[in-house]
Every structure is written in structure tokens, then in C-alpha cells.
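This report describes one protein chain, going from its overall build to a few single residues. Please keep the sequence and the structure at hand while reading.

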Amino acid sequence: MSDHIQLFNNFPPVSTSQWMDRITADLRGEDFNKKLVWKTDEGFSLLPFYREEDIRDLPAIDSLPGSPPFLRGTASGGSRWLIRQNIVVDDYSEANRKALEILMKGVDVVGFIIREPESVNRGAISTLLNGIHPESTETNFICEGKAKEILRLFISEAEQRGVEKENIKGAFEADPLGRLFLNGKLCISIEAGLDYLADLTRESISLPSFRTIHINGPWLSEAGAGMIEELAFALSMGNEYMSVLNDRNIAPDDAVSKMRFSFSVGSNYFFEIARLRAARFLWSMVSGAYKPVRPENTKMRIHCVTSSQNKKIEDPHVNLLRTQTEAMSAALGGADSITVEPFDKTLKRPDDFSERIARNQLLLLREEAYFDKVTDPAGGSWYIEKLTSLIAGEAWKLFIEVEDQGGFSDALKSGFLHKKIKSHQGEREQKLQQLP
């Protein structure tokens, strides 16, 4: 230890003004702001270097992992994230066969996309879940309808196997506001859809590890939203769900514990890490305003999906590089589960090979690079801490704008959301086309 202290004494501290003097001299008259300050698409001006003094007064900078406002993650030890793969259910037996196969190849979470709600019955769900253990495998259902029926059948199937309700893991990914944004309408009135969501949530309260509300950020991204807009609009959707459930006599703890957010993760590596950190911080503020009894319920549960906006058709193997860095951002940012989309998804329906590669990308990060062993590895990086604060600030400002419009639904009806998306959409599309 004494040798280390003596070594540091040989290098006296260098002040910010000394750094700037050296930079100014090296620029030889060039304008510092024009030459070295990065003007980002999000409107930030990023400096070429940051120092401890730049983050000293940032909110929650001294918070601990696993503690509110969860800036540094929702767990205090490690960052165990799960590998997820979705399966389109055209044939229940075939979907079950595929689920069992991929569960033996490293997948932790399966998502069943049921295209035909009318096909749902006891026999179909029993066939789908044959050999799948709901106490150890998180099972998600995506279906435009029959949510209550699927939930009841899922619970019944688990109970028949002797699984206690508190051990059942899974979700029905209901998101009526997201579907309203995506399709412009619902098959029923908005109020009826929200009433149905409240009933679904009530029925799942006895299942602490089962979620019923999924705020689908990738739908916003696919419509052209940037990372700030996706975050702000997702927060607004979450806030509206909290409000409507509260109005329907569902306690804040029950409401917030049933929510999960998904985000599309793009190639802006450090920005995506910072955005997930900012998302947890902001959601803790939003959900905390409803005064849940247990502060730990204000944790934001996050599922990340690699972006579809920047993937090449002409040379799909380039997509492997992009999905890999995107998965790294999701893992380092503290996602709870991650889906890597197959590299050739933009070109054709993925086959067994491309799906296997997608799974292995995550297995490499987890089993060989140990990306799940460290909690908030970005914490303490002066650049990422500052970036987290900047992203949180911009997303919060946009969130407040949406709330001033009356909330997500009213802002959608008035055209405010689409206007915000379109204001930068052309510029984003042009930059995406310029990607190599």
C-alpha cells in the first residue's frame, strides 16, 4: 500500500483549467466548441473529457445498487439477466416442441405469440405447456384477446402440477394503450379495454411473480421515436396505467408490481447504457408519486430487444456486429431480460441456424464474458454518469410536456405524440441509410 501512495505522490493532481490550457495550446487557435464538443442528435453538447467535479452534484449519485431510486440497478449483488426467445404459435404441439428444445439450449424465458385467440382452450394450453415448469421458466403470452382465459388456464395447469401460486413465473403482455398507438383503435372502447386490464390485474394479484401489463417501447421505436421519445412516452404510458388502475381501486403496490417495460436498444453504445439507468431512476420517481407502501415495488422491470431500425438487408451478417453491441448495452445497463433478434430477420423468416446464433450471442456475454457478474459496471464513469443525467433530464422534460397535454391517451388523440416523432424522423432515417 505504501508503494502505491508513494507512486501517486509522483503525479500531482491536474486541475481542469490546466487541462483546458493544454487543449487550447494544442488546438492552435481552433475553436474548442467547434472542434471537440460533440453535438448529438438528442440535443446534447458533450465535452471531450469529464472529471469528478462534473458529477459531484448529480441526483442519486451516491445511491447503492438495489436501493431506490434504482439508478444503479435493481439488485445488490450481480446483474443476473435472462435470455428470452419468442415463439409464434401456429401449431400448439410444434410450439411446445420448439420451446422444450430452446430451453435446453440456454433460453430462460419463452414468449408465446398466439395469433388466433379463438384457438385458446384448456387442451391447447395444456399441450403448449407440456414439460415446461412454470416455477423455473418464465412463460410469457402475447395474444390480442382471451387474456383472462389464458391466465386462468395457466394457473389451473400449474396448480394441477402442484406448483404454489407464489412460485408461478410469467406474464400476459397486455398493453391496450400501446395497441391504440400502434393501430389507431382497439377492438373495444378504450375505457372497456382499461376496465378489462384492471380485471386481469386483480386476478393476478395472488401471483407475485406474474405480470399483466407490458409497456411496449419497441412499438414506439418502430414508429420512428428516438431513444428520448421512446423513454418519455413509455413513462407516460406507465403513469396513465397507474392512474387508471388507482381509479379502479387497485392499490399502488399491486399496480406497479404488475408492470414491465420493454425498450428497443440501438447501436449508440454508451447512450443506451445510460438510458436504461435513467429509465429506472425516472420510473422510481413516477411510480413513487403514488405512494406505494413498499418502496422496492418502484423497481422498473426492463426487457430489452435489439433494434430493428438499423439492420441491413443487403449484407445481413453486419447485423451480427450491431446486435452484439446492442446486447452488451442492455446487459451493462441493467436489463432484466434480453432478446437478440436473429441477424437475418429483415431478410426472411429466421431459421434454426440464425436463432441459434442469436441465443449464443447472449450466452457468450453471460457464460464467457461474465456480463452478469457485476452490478452496474458503468457506475462511477464520469462520462456515463453525466450522460445518464442528461438523458434523464431530456426525457423528463418531454414526459412533462405529454402530461401537460392530458397524458398519453389525450396526447395521442391530439396528434402531439406523432408530431414529436415526425419532427426528427426524417433526419434519423437519413442517418440510418448512411450506416455502412
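The secondary structure of the chain consists of 17 helices and 10 strands. The model is a predicted one, and the values below are computed from it.

**Overall build**

How does the radius of gyration of the chain agree with that of a compact globule? For 436 residues, a compact globule would have a radius of gyration near 22 Å; the chain has 23 Å, so the two agree. Along the principal axes, the C-alpha atoms take up a box of roughly 75 × 50 × 45 Å.

Taking contacts between residues at least 6 apart in sequence, 76% join residues that are at least 24 apart.

The chain carries 53 positive and 63 negative charges. The mean position of the positive charges and that of the negative charges lie 1 Å apart.

**The nonpolar core**

The largest nonpolar core has 107 residues, and within this core Phe-112 and Ile-391 touch the most other members. Which helix gives the largest share of this core? That share comes from helix H10, residues 227-247, with 12 residues.

Leaving out residues up to four places away in sequence, Ile-391 touches Phe-44, Met-227, Ile-228, Leu-231, Phe-271, Ala-274, Arg-275 and Ala-278.

**The loop between H14 and H15**

Helix H14 covers residues 352-368 and helix H15 covers 382-404. The loop between these helices holds several residues worth a look, among them Tyr-370, Thr-375, Asp-376 and Pro-377. The table lists how accessible each of them is.

| Residue | Relative accessibility | Class |
|---|---|---|
| Tyr-370 | 51% | exposed |
| Thr-375 | 16% | buried |
| Asp-376 | 7% | buried |
| Pro-377 | 41% | partly exposed |

Why does Asp-376 count as buried? Its relative accessibility is 7%, and buried means under 20%, so Asp-376 falls in that class. Tyr-370 counts as exposed because its 51% is over the 50% cut-off.

Two of these residues have a backbone angle to note. Tyr-370 has a positive phi of about 60°, although Tyr-370 is not a glycine. Asp-376 is not a glycine either, and its phi is positive at about 45°.

What does Thr-375 contact beyond its neighbours within four places in sequence? Its partners there are Pro-65, Arg-72, Ala-75, Ser-76, Gly-77, Gly-78 and Ser-79.

Lys-413 comes 36 residues away from Pro-377 in the chain, and their C-alpha atoms are separated by 41 Å.

**A cis peptide bond**

Which two residues are joined by a cis peptide bond? The bond links Pro-68 and Pro-69, with omega at about 5°. Pro-69 sits in the loop between strand E2, residues 45-46, and strand E3, residues 82-89.

Gln-405 is located in the loop between H15 and helix H16, the latter covering residues 408-414. With a relative accessible area of 37%, Gln-405 is partly exposed. When residues up to four places away in sequence are not counted, Gln-405 touches Asp-410, Ala-411, Ser-414 and Phe-416. Leu-417 is 12 residues from Gln-405 along the chain, and the C-alpha atoms of the two are separated by 9.8 Å.

Asp-195 belongs to helix H8, residues 190-203. Is Asp-195 buried, exposed or partly exposed? Asp-195 is partly exposed, because its relative accessible area is 35%, which lies between the cut-offs of 20% and 50%. Trp-219 is 24 residues from Asp-195 along the chain, and the C-alpha atoms of this pair are separated by 23 Å.

Technical notes
Residues numbered from 1 in each chain as written. Predicted model: local features only at pLDDT ≥ 70, side-chain atom pairs only at ≥ 80, totals over all residues. Heavy atoms only, no water. Core = buried A, V, L, I, M, F, W, Y, C linked by side-chain atoms within 4.5 Å. Buried < 20%, exposed > 50% of the residue type's maximum accessible area, 1.4 Å probe, protein only. Helix = DSSP H or I, 4+ residues; strand = E, 2+ residues; numbered from the N terminus. Contact = heavy atoms within 4.5 Å. Rg over C-alpha atoms; globule rule 2.2 N^0.38 Å. Lys, Arg positive; Asp, Glu negative; His and termini not counted. Charge placed at Lys NZ, Arg CZ, Asp CG, Glu CD.
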